Amino acid sequence: MGEAMLAAVLRKRLSTPQGIIVSDISDARRQYLAQKYGVSVTGENRTAASGADIIILAVKPQTLADAMAELKSTLKPKQLLLSIIAGAKIKTLRSGLRHRRIIRAMPNTPARIGEGITVWTATPQVMERHKKQAQSILAAMGHEIYTCDETHLDMATAVSGSGPAYFFYFVEALSAAATKLGFTPEVSQHLVLQTMSGATRLLQQSEKTPAELRRMVTSPGGTTAAAIQRLEEGKLAELVNKAVKAAYNRARELGK
Ligand SMILES: NC(=O)c1ccc[n+]([C@@H]2O[C@H](COP(=O)([O-])OP(=O)(O)OC[C@H]3O[C@@H](n4cnc5c(N)ncnc54)[C@H](OP(=O)(O)O)[C@@H]3O)[C@@H](O)[C@H]2O)c1
């Protein structure tokens, strides 16, 4: 995800490669990032953070404590800290880093192709200039939605943050079903992907609701009705609700 942000910032020319220092503990990743993007690299988080105006924290939740321990004596009050770490609350970041200017954001993986969506919030201490810059960085990855309510971040984690994987899973299941009917895996994948992107565009361009569009293709006693009946018997909507709730609870657990 950190690489997706880096690529977006450079693609939209929000910074030059010379304006960015990436810190990563992996030597192989450092070499790859330096070569691919022309940015400076370091294995020392303090080196990357010390002269920066904006610091983006993109480590896994499990390594947050280590990263905060390293950074806390380095941060200056004027710097902006932008975290994309799932579940990491502003309160945790503020006390762990002894820092007040913080933006917490929840992007998703389509950010890699500029088609992501990010929900974000900021502490009252964040300067207007920094808010605008953060908004530009997040918009470089796709859509962005600002909220003044931090609880929306864990909610967004469960819906849009983890959401791409739900669709990938459905694509896997539908492709496998198509292959079982007798299509080759390649044709199955092609049929499913184009159906998904066509359905998405139709939804976006139509003034009708998803339920209305579904009913339009579901004639009584027809083929779609037979399939939908099975999905309803299997309580798909209830299952999706349970899945989203589980992701939401996990995001809250990670924040404890
Ligand atoms: N993936 C998503 O869809 C998504 C969406 C929204 C938010 N997020 C959040 O984004 C964060 C990153 O997720 P990810 O999937 O991109 O994970 P990732 O691929 O593992 O990226 C984390 C990177 O940080 C490096 N790292 C680990 N410890 C470090 C340390 N102490 N100092 C400096 N660098 C360190 C890792 O190096 P190594 O590979 O060598 O360990 C890795 O390159 C997570 O907190 C996640 O919650 C992810």
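The chain of this predicted model is divided into two parts, domain 1 (2–151) and domain 2 (163–254). The centres of domain 1 and domain 2, taken over C-alpha atoms, are separated by 33 Å.

**Contact between the domains**

- Where domain 1 meets domain 2, six residues of domain 1 are in contact with five residues of domain 2.
- On the side of domain 1 that touches domain 2, three residues are nonpolar and three are polar, while no charged residues occur there.

**Surroundings of the ligand**

- The ligand is surrounded by 23 residues, of which M1, S26, T63, I85 and A86 are the closest.
- The shell around the ligand comprises 11 nonpolar, eight polar and four charged residues.

**Describing packed helices**

- The description of two packed helices rests on the angle between their axes and the distance between the axes.

**Helices α7 and α12**

- Helix α7 covers residues 151–161 and helix α12 covers residues 236–254; their axes come within 8 Å and cross at roughly 135 degrees.
- Helices α7 and α12 are therefore oblique to each other, because an angle over 145 degrees would be needed to count as roughly antiparallel.
- The crossing of α7 and α12 is right-handed.
- Helix α7 contributes D154, M155, T157, A158 and V159 to the contact, and helix α12 contributes V244, A247, Y248, A251 and R252.
- By class, the contact of α7 with α12 consists of seven nonpolar residues, one polar residue and two charged residues.

**Helices α8 and α9**

- Helix α8 (residues 163–181) and helix α9 (residues 185–205) have axes that come within 8 Å and cross at roughly 135 degrees.
- This angle makes α8 oblique to α9.
- The crossing of α8 and α9 is right-handed.
- From α8, the residues that make the contact are V171, L174, S175, A178 and T179; from α9, they are P185, S188, Q189, L191, V192, L193 and M196.
- The contact of α8 with α9 is made up of eight nonpolar and four polar residues, with no charged ones.

Definitions and conventions
Residues are numbered from 1 along each chain as its sequence is written. This is a predicted model: local features need pLDDT of at least 70, side-chain atom pairs count only at pLDDT 80 or more; totals for chains, interfaces and linings use all residues. Axes are lines fitted to C-alpha atoms, for helices over the stretch in contact, and angles run from 0 to 180 degrees between N-to-C directions. Helices (H or I, at least four residues) and strands (E, at least two) are DSSP runs, numbered from the N terminus. Angles under 35 degrees count as roughly parallel, over 145 as roughly antiparallel, 65 to 115 as roughly perpendicular and the rest as oblique. A crossing is left-handed if the near helix is turned anticlockwise from the far one by less than a right angle, and right-handed if clockwise. Two residues are in contact if their C-beta atoms, placed from the backbone, lie within 7 Å. Ala, Val, Leu, Ile, Met, Phe, Trp, Tyr, Cys and Pro count as nonpolar, Asp, Glu, Lys and Arg as charged, and the others, Gly among them, as polar. Domain bounds come from an automatic or database domain assignment. A residue is near a molecule or strand if its C-beta atom, placed from the backbone, lies within 6 Å of it.
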